[in-house]
Amino acid sequence: MSGSVPSRSSGAGGPGTVGPVQVIVALLAALVVVVTGFAWHSVDALISNIERIGDLGLGGSRDGAVDILLVGVDSRTDAHGNPLTQAERAMLHAGDEVGTNTDTIVLVRVPNDGRSATAISLPRDSYVDIPGFGKGKINSAYGATKEAERAKLIGTGLSDSEVDKRATQAGRKALITTVANLTGIGVDHYAEVSLLGFVLLTEAVGGVDVCLNHAVDEWMSGADFPAGRQKLDGPQALSFVRQRHDLERGDLDRIVRQQVFMAQLVGQVLSAKTLANPSRLGQLSEAVGRTVVLDEDWDVLTFLQQLKDLSGGQVKFETIPVTDLNGMTGDGESVVRVDPKAVKSYVASLVGESSGETPQPLVNPDSVTVDVYNAGGVAGLAGKVSQALSAKGFREGTVTNYSGRSASSSRVLAADTSDSRAKAVAQALGGLTVVADESMSPGSVGVVLASDYSGPGSAASSMFDLSGTSTSATPVPPAPPIDAGQNGPKCVN
């Protein structure tokens with residue numbers, strides 16, 4: 001299966017925009033409090049209620065840290081597949097839409113000594129390579145793969161519940177692979193939290209303090225708050241971290257909202273031991289049991305023991321760099337463009353490692369002849385892309401329509417995927433995938449342009465000149481990290 005992934009974005013301010021770290025990091029911090037000062041059997045009982053799943057293709061290299069993929073899902077059921085009550089759906093403003101949106105995706109890295117943690121947010125509209133589909137928004141990897149797998153399994157004689165189970169597993173695995181490919185970090189463990197879990201955990205800690213620079217009243221998210229510092233209950237907090245409209249940088253500002261909320265939640269738990277109260281622990285147990293999913297190979301108790309020295313100031317929240325906040329695809333879909341190489345380098349700098357990529361030998365574009373084939377419906381596209389490549393110094397080869405098999409995703413063809421010439425062309429065209437083709441002779445490079453192409457030379461890239469340089473892109477460099485050790489909540493817009 002190939003082609004551009006359909007967007008499953010829930011829309012501005014819609015469901016599915018809650019950060020799972022608010023739940024998981026605070027949950028882990030809370031459990032550390034219990035582990036270090038209360039009965040172990042209580043912790044064990046709490047953890048035993050969590051839904052566990054296996055066979056997710058987890059397990060990165062042994063690199064001195066535990067890397068956890070935290071996913072926030074918009075679901076109308078709890079972690080065990082039971083439908084939410086009508087009152088719960090109303091509280092969450094959850095409609096009748098069926099699907100799985102993963103609109104908050106965070107990679108958390110915890111060194112083996114447990115003394116620090118770095119949470120790296122990935123914007124939900126990041127336009128990335130998704131296994132089996134081609135280019136698409138990262139938040140569609142889970143849902144699109146799940147629905148594709150469901151369609152294949154229907155009619156095979158499996159029960160509806162088994163079909164859903166297998167389809168969901170395929171969706172989770174696709175997201176794990178997508179995140180690992182983008183960041184260069186292998187995922188060791190998986191944690192998934194629903195909207196309801198966010199609300200219940202906020203209630204369990206007695207509410208969370210936030211601070212706004214200005215009053216807000218935005219109906220789509222339900223965010224209606226005065227300026228200044230205030231304590232939010234669960235439903236209010238949900239609106240606070242959902243707001244996207246009326247924020248200057250849209251989803252990136254929403255990520256900042258989520259991060260300052262996470263930091264304050266973690267700080268409250270670690271400094272004040274909010275959940276030392278047995279009644280609070282009971283609320284936490286309900287929240288965790290109904291709304292959290294973890295991989296079955298995760299020894300959570302041992303992991304928690306490693307966190308006993310964790311302090312709020314050592315929990316930091318980061319966001320990957322963005323090359324264009326207001327990108328567009330050839331189909332007119334709004335996306336956030338990211339440079340995979342820049343993302344890998346940035347993540348590597350955060351975790352104190354090299355990016356892990358083998359340096360490629362420099363390629364002189366003048367030594368590379370590129371054949372360009374139009375496999376889409378845009379007349380003249382191959383010629384325009386060939387011109388864009390010539391402007392970058394590459395030699396013009398054959399320019400014609402594609403006569404091979406139907407192609408629904410753009411690609412660079414070479415005899416070997418490790419060919420440095422092909423990689424140079426792929427990079428010049430915005431990061432296309434290099435595919436081995438037995439019809440290609442060694443050293444030759446071809447480009448197949450399908451309907452998903454939006455790089456230099458395309459109509460969608462009218463913001464680019466022929467050299468591929470953006471004339472109207474909105475790059476967003478990484479902001480200073482937010483930590484959980486500050487005095488009081490950080491004020492935001």
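A residue counts as buried here when its relative accessible area is under 20%, and as exposed when that area is over 50%, with partly exposed in between. By that cut-off Thr-118, with a relative accessible area of 17%, is buried. The model in which this holds is a predicted one. Thr-118 belongs to strand 4. Leaving aside residues up to four places away in sequence, Thr-118 is in contact with Leu-107, Val-108, Arg-109, Lys-316 and Glu-318.

Strand 4, residues 117–122, runs antiparallel to strand 3, residues 101–111, and five bridges join the two.

In general, strands of a sheet pair through backbone hydrogen bonds, in either the parallel or the antiparallel sense.

Both senses of pairing also occur around strand 5. Strand 5 (residues 126–130) pairs with strand 15 (residues 334–337) in the parallel sense over two bridges, and Ser-126 has Val-336 in strand 15 as its bridge partner. With strand 6 (residues 134–137), strand 5 pairs in the antiparallel sense, over four bridges. Val-128 stands opposite Gly-136 of strand 6. Strand 5 and strand 6 form a hairpin with three residues between the strands, and in this hairpin Gly-132 takes a positive phi near 85°. Strand 5 is mostly covered, with four of its five residues buried.

Next come the nonpolar cores. The largest nonpolar core has 53 residues, and Ile-68, Phe-240 and Phe-261 have the most contacts inside it. Helix 6 (residues 195–204) gives the most to this core, contributing seven residues. Another core, of 37 residues, lies apart from it; among its members are Leu-175, Ile-176, Val-179 and Ile-320.

Charged side chains provide a further set of links, with 18 salt bridges found in the whole structure. Arg-290 takes part in a salt bridge with Asp-78, where the closest N and O atoms are 3.9 Å apart. This pair links distant parts of the chain: Asp-78 is in the loop between strand 2 (65–74) and helix 3 (86–92), while Arg-290 is in helix 9 (residues 278–291), and the two are 212 residues apart. Asp-78 has 10% relative accessibility and therefore counts as buried. Arg-290 also meets Glu-88 in a salt bridge, with an N to O distance of 2.6 Å. Because Arg-290 lies in helix 9 and Glu-88 in helix 3, this pair ties together parts that are 202 residues apart in sequence. Arg-290 and Glu-88 are both buried.

Another salt bridge joins the side chains of Arg-421 and Asp-419, at 3.8 Å from N to O. Arg-421 is partly exposed, with a relative accessible area of 34%, whereas Asp-419, at 11% relative accessibility, counts as buried. Elsewhere, salt bridges link Arg-124, Asp-125, Lys-137, Arg-244 and Glu-333 into a network.

The remaining link is covalent. In general terms, a disulfide is a covalent bond between the sulfur atoms of two cysteines. The count of disulfides in this model comes to one. The disulfide joins Cys-211 to Cys-491, with an S to S distance of 2.0 Å. The link of Cys-211 and Cys-491 is right-handed, with 70° about the S-S bond. Cys-211 lies in strand 8 (residues 208–212) and Cys-491 in strand 22 (residues 491–492), so the pair ties together parts that are 280 residues apart in sequence. Cys-211, at 8% relative accessibility, counts as buried, whereas Cys-491, at 36%, counts as partly exposed.

Methods. Residues are numbered from 1 along each chain as its sequence is written. This is a predicted model: local features need pLDDT of at least 70, side-chain atom pairs count only at pLDDT 80 or more; totals for chains, interfaces and linings use all residues. Side-chain values use heavy atoms; hydrogens and water are left out. Two strands pair if DSSP finds at least two bridges between them. A salt bridge is a side-chain nitrogen of Lys or Arg within 4 Å of a carboxyl oxygen of Asp or Glu. Buried means under 20% relative accessible area, exposed over 50%, partly exposed in between (1.4 Å probe, protein chains only). A disulfide is a pair of cysteine sulfur atoms within 2.5 Å. A nonpolar core is a set of buried Ala, Val, Leu, Ile, Met, Phe, Trp, Tyr and Cys residues joined through side-chain atoms within 4.5 Å. Contact means heavy atoms within 4.5 Å.
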